Amino acid sequence: MYVENKKTVFQLFSSQKNYAIEVISVLNAIEFSPYGVKKAWSDWKEDKLVRSQLYVKERAEFLGPEIATGHFVCFRGGKVRFYGHKDWIVEDPDSDIIPNLPRFYLESYKMEAVDCSKMTLVYEGLENMKNMEKLKWLSLESCPRIDDWCLDRISGEFCDTLEYLDIRSCPLVTEKGIASLSKMKKLKTLLVGGHPEAKNLELVCLMLEDVLPELTIRGILYCDESLLTNDESHE
Amino acid sequence: MFKRAITGVQLKPWLKSKYLVQSLSFPVRSFCNSQKKYSNKGDESDKPLSNVVPDFQSELFEETRCPPLTQPLKPFLHPIKRSFDYLGITGRNDPQTHNNLYFPRHCDIVIIGGGIMGCSIAYWLKQRGHDNGLRVIVVERDPNYTRASTVLSVGGLRQQFSLPENIQMSLFGAEFLRNAKRLLSGENLEGPDVQFHPYGYLFLATQKGADQLMENHKLQTSLGAKIKLFSPYKLKEKFPWINTDGVELASFGQENEGWFDPWALLNGFRNKAIELGVEFVKADTVGFETEDTLVHSKPGVGESFNYNKLKRVHVRLTNGEVRTIDFSLCVMAAGAQSGEVSKLAGIGIGTGLLRKALPVEPRKRYVYCFHAPDGPGLDCPLTVDTTGSYFRREGLGGHYIAGKSPTANEEPGIANLDVDYTFFDQQVWPEIAQRVPGFENIKLKSAWSGYYDYNTFDQNAVIGSHPYHGNLMFATGFSGHGIQHAPAVGKAIMELVVDGRFIDIDLKRFGFERILTNHPVFEQNIV
């Protein structure tokens, strides 16, 4: 940095970075092992999936947050329903455009329900569902990539408005994620089930019902009725 | 006189490491006066620090002399044993080295300290230059981590800080923890399950602190953190178990805040680093060795002077033997003991740039675990009271964890890790019981203590190279919030080493220079 900065032609091609990076890259072996190739392939696929679901600011600015969410969800195989409309809006496999979904900003369209079941929704994709005013109903049934961090994001985002949440058959969800749903004060119905990683699920659900008095949790058997019938035979 | 020490130095191109150039650029910009003769045109990202120093102190311009460090050591190895060592015959079951057949005698980068910072830095460095790109050695004296701050920490993750660098590091840490299972997995290695509990952090403020809290909140939301402010009425609505007396404002982290398992993260980093080829050595650092290097100056501007370059570290193995490791770069990640270990390199016992020691020292902090049947339910976040006491839920059985940072005159002694239960009875319990009436009826179950690597200067990290010892980098002094910043700090040090500057998060304000120029960078939200 104390070399006098003479402007030569070749300086135009010199990189701003340190030259150590080139030395290190040369000394690195390219990963041709089976594990290396598999990992590179799966990393690339994961990157592709995340990038396809990133938050697009222009979409939200043009359509408004409610309709933008509708576009995001419907184009990936989900369903949405707006206030004042009875029918679900779902993509039509035969046509390019989605029927009944506006393609520009309309103030009267407010999202009431979002059904993302069986979508490969990732954490970054949930960012597209922000700033909705009155979302009441959300289903994430059988979404294979929903985990505790996603539930943290959902409970942080919809803590004031959500009344129905369905997280059945999400294999990555543990009891910590379900406990974080205690932030949602208006939650009335929660559907759980099919979480092999969740330990002490019954206890967490009981404690959750303690904290949220309006809540009913469906899908949890607090009392194993077969044990009750066996008692008589033991005595 | 000042010409001699730092200004007006031009290096011959064939002279050694780029770290030398890097190190001499920083202090010059700190101490040079308004003549812009030596402005850096090549480095637009660096703002000149010359306008930061308002008053010149004559001490700054005294010559930097590194005092004589450890005697040069050439450990004697019997030639037959040495041959066996090279052939890898006896070294196979050597407990000193983890995966190396013989004791490593040289490396590119030696990391002193194998806690969360050391392992994180080792992982990131080896990610960039794996196989033969970079040879990294981690010197850790206790692989069981009995006294390490990492494993004794409460493991909190929050974005509620007052400095943008801290907020950005926490955001990066949250993203890393979310992907930790995938990033730290390997061929025969399963990634760690960090057990993240997404329950949030709740900071309470009195009337005095409310303004600061609002300012912090603005900064945090502008950087992408999701924090919400609550008035006392709304707070009582949200958390009915809280007593809002004296609370003017509260801030609650809605997303990416909570606590996780530091052991899992440490093991994740360590195992992945070992898989990538980092060598872990079980030894205690006992000294550094320097090499005299002649630095030439441009004729007419200055005179050549002697620069003591750190070249070798002496480590003592468990059998008492002292061995040496030659290095090109050393990273000081020794946690609470960093101040002591830096003294071995002359930092604090020399003159000039070496006159100020690294102000990191161990401070003991207690954590108490108790059972409260009437305590808050599942929605209990990690609550930090206006008095500084904090508590959080632990598990599902009505257990809670609480603690408090003592005031300056109540600092406990650091000789051992014994717990003082009277501190709980007199300081912590009254305060949390006042805040949560349900804590009046509790039973103390257990407690533990650990060391904060406390930065006595401004309670913030020291990250970056030393102005004189350009090849000694610090990553220490986190004063209690290191564990959540570990992934970000590892990446920052990796960027400094490989790219020469910070790319992702700009941590220049945390450099060692602020200690010499006496410009503290305070963090308002220390727990």
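**A tour of chains A and B**

Chain A exposes about 13,500 Å², of which carbon and sulfur atoms supply 55%. The model on display is predicted. With chain A still selected, one finds seven helices and seven strands, arranged along the sequence in the pattern α-α-α-β-β-β-β-α-β-α-β-α-β-α. Of its 235 residues, 43% are buried.

Next, select Lys79(A) and Trp88(A): Lys79(A) lies over the face of Trp88(A), 5.5 Å from the ring centre. Then move to Tyr83(A), where the charged end of Lys134(A) sits over the ring at 5.0 Å from its centre.

Now turn to chain B, which contains 14 helices and 18 strands. Buried residues account for 59% of its 527 residues. Chain B exposes about 21,400 Å², with 51% of that area supplied by carbon and sulfur atoms.

Aromatic rings are the next subject. Over all chains, the whole structure holds 31 aromatic pairs. For one of them, select Phe239(B) and Phe252(B): the ring centres are 5.5 Å apart and the planes stand at 80 degrees, so the pair is edge-to-face. Phe239(B) lies in the loop between helix H9 (232-238) and strand S6 (249-253) of chain B, and Phe252(B) in strand S6, so the pair ties together parts 13 residues apart in sequence. Both Phe239(B) and Phe252(B) are buried.

Finally, select Tyr368(B) and Phe424(B), a tilted aromatic pair with 4.8 Å from centre to centre and 40 degrees between the planes. Tyr368(B) belongs to strand S12 (residues 360-371) of chain B and Phe424(B) to helix H12 (residues 421-435) of chain B, so this pair ties together parts 56 residues apart in sequence. Tyr368(B) is buried, at a relative accessible area of 0%, and Phe424(B) counts as buried at 1% relative accessibility.

Note on methods. Residues are numbered from 1 along each chain as its sequence is written. Chains are lettered from A and ligands numbered from 1 in the order in which they are written. This is a predicted model: local features need pLDDT of at least 70, side-chain atom pairs count only at pLDDT 80 or more; totals for chains, interfaces and linings use all residues. Side-chain values use heavy atoms; hydrogens and water are left out. Helices (H or I, at least four residues) and strands (E, at least two) are DSSP runs, numbered from the N terminus. Buried means under 20% relative accessible area, exposed over 50%, partly exposed in between (1.4 Å probe, protein chains only). Accessible areas come from the Shrake-Rupley method with a 1.4 Å probe; for residues, only the protein chains shown count as cover. Rings of Phe, Tyr and Trp (its six-membered ring) pair if their centres lie within 6.5 Å; planes under 30 degrees apart count as stacked, over 60 as edge-to-face and the rest as tilted. A charge sits over a ring if NZ of Lys or CZ of Arg is within 6 Å of the ring centre and within 35 degrees of the ring normal.
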